[in-house]
Amino acid sequence: MQAEPGGSEPDRDGKARPGPDADSGPEGEPGRGASSRRPPRVTRDTARPEGGGRAAPGRAPAPARQWPLLAVLGMTGLGLLVVAFDAFRIGTIIIGLAMIGGAVLRWSLPSVGMLAVRSRFTDIFTYGGLGLAILLLALMAQPHPWLKIPFLDDVLHFTVQ
């Protein structure tokens, strides 16, 4: 399909829409063409998250291209298996460490494949925060916690009284 004169090019429906070299915006306003920093009113696609490219070359098999996600899922599965064999604390520690490992991979690697879901900052904050919370809860689980935080005991005793 060829571009029409005046900077328009047909879209899939055959309707003319402004092309990249149009001088006017969607409503004929001058100066709102290709040089505008405003987002389009109607989006046609979603952007790939930053770092969401392949973690290995395209000729590699699919599991090799997604190794960061598979590593995190594998460790999480191992943790769930350990929990299933009645070692709750160790299994949840493994799950928390898997999430923290996902945050480290997201921070350190330029491309992590499908482990990239949102922006880099949001992914690191989410994976790391959830991993830290799971890890701390596993260490403080009753009975016989491995980590004792005194003010939490005081809060518990105050609320139970």
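Visitor: How many helices and how many strands does the chain have?
Guide: This is a predicted model, and that applies to every value that follows. From the N terminus on, the elements run β-β-α-α-α-α-α. The chain therefore counts, by DSSP runs, as having five helices and two strands.

Visitor: What percentage of the residues count as buried?
Guide: The chain exposes about 11700 Å², and carbon and sulfur atoms supply 64% of that area. A residue counts as buried when its relative accessible area is under 20%. Of the 161 residues, the share that counts as buried is 27%.

Visitor: Among contacts between residues at least 6 apart in sequence, what share joins residues at least 24 apart?
Guide: A contact here requires heavy atoms within 4.5 Å. With pairs at least 6 apart in sequence taken as the whole, the part that joins residues at least 24 apart is 44%.

Visitor: Which element gives the largest share of the largest nonpolar core?
Guide: The core has nine residues in all: Leu69, Val72, Met99, Ala103, Leu105, Val112, Leu115, Ala116 and Tyr127. The elements that give two or more residues to this core are helix H2 (67–84) and H3. The largest share, three residues, comes from H3.

Visitor: Which residues does Leu105 contact, leaving aside its neighbours within four places in sequence?
Guide: Leu105 is one of the residues of the largest nonpolar core. In general, nonpolar side chains tend to be buried together in soluble globular proteins. With the neighbours within four places left aside, the contacts of Leu105 are Trp67, Pro68, Val72, Val112 and Leu115.

Visitor: Is Ile94 buried or exposed?
Guide: Ile94 lies in helix H3. Leaving aside neighbours within four places in sequence, Ile94 is in contact with Met75, Gly79 and Val82. Its relative accessible area is 18%, and the limit for burial is under 20%, so Ile94 is buried.

Visitor: How far apart in space are Ile94 and Leu78, C-alpha to C-alpha?
Guide: The two residues are 16 residues apart in sequence. In space, their C-alpha to C-alpha distance is 7.6 Å.

Visitor: Which residues are linked in a network of salt bridges?
Guide: A search of the whole structure finds two salt bridges. In one, the side chains of Arg106 and Asp123 meet at 2.8 Å, N to O; in the other, those of Arg118 and Asp123 meet at 3.1 Å, N to O. Asp123 takes part in both, and the network consists of Arg106, Arg118 and Asp123.

Visitor: Is Arg118 buried, partly exposed or exposed?
Guide: Arg118 has a relative accessibility of 33%. Buried requires under 20% and exposed requires over 50%, so Arg118 counts as partly exposed.

Visitor: Arg89 has no salt bridge; how far away is the nearest side chain of opposite charge?
Guide: Arg89 is found in helix H3 (residues 88–108) and is buried. A salt bridge needs a nitrogen and a carboxyl oxygen within 4 Å. The nearest side chain of opposite charge belongs to Asp86, and its distance is 11 Å.

Visitor: Which backbone oxygens does the side chain of Arg89 reach?
Guide: Leaving aside neighbours within four places, Arg89 contacts residues including Leu139, Ala141, Pro143 and Trp146. A polar atom of its side chain lies 3.1 Å from one backbone oxygen, and its side chain reaches another at 3.0 Å. These oxygens belong to Ala141 and Pro143.

Visitor: What is the omega of the peptide bond from Gln142 to Pro143?
Guide: Pro143 lies in the loop between H4 and helix H5 (150–160). The peptide bond is cis. Its omega is near -5 degrees.

Visitor: What is the phi of His144?
Guide: His144 is found in the loop between H4 and H5 and counts as exposed at 67% relative accessibility. It is not a glycine, although its phi is positive. The value is about 55 degrees.

Terms used:
Residues numbered from 1 in each chain as written. Predicted model: local features only at pLDDT ≥ 70, side-chain atom pairs only at ≥ 80, totals over all residues. Heavy atoms only, no water. Helix = DSSP H or I, 4+ residues; strand = E, 2+ residues; numbered from the N terminus. Buried < 20%, exposed > 50% of the residue type's maximum accessible area, 1.4 Å probe, protein only. Lys, Arg positive; Asp, Glu negative; His and termini not counted. Polar contact = N/O pair within 3.5 Å; in protein donor to acceptor, adjacent residues only side chain to side chain. Core = buried A, V, L, I, M, F, W, Y, C linked by side-chain atoms within 4.5 Å. Areas by Shrake-Rupley, 256 points an atom, 1.4 Å probe, with all protein chains shown as cover.
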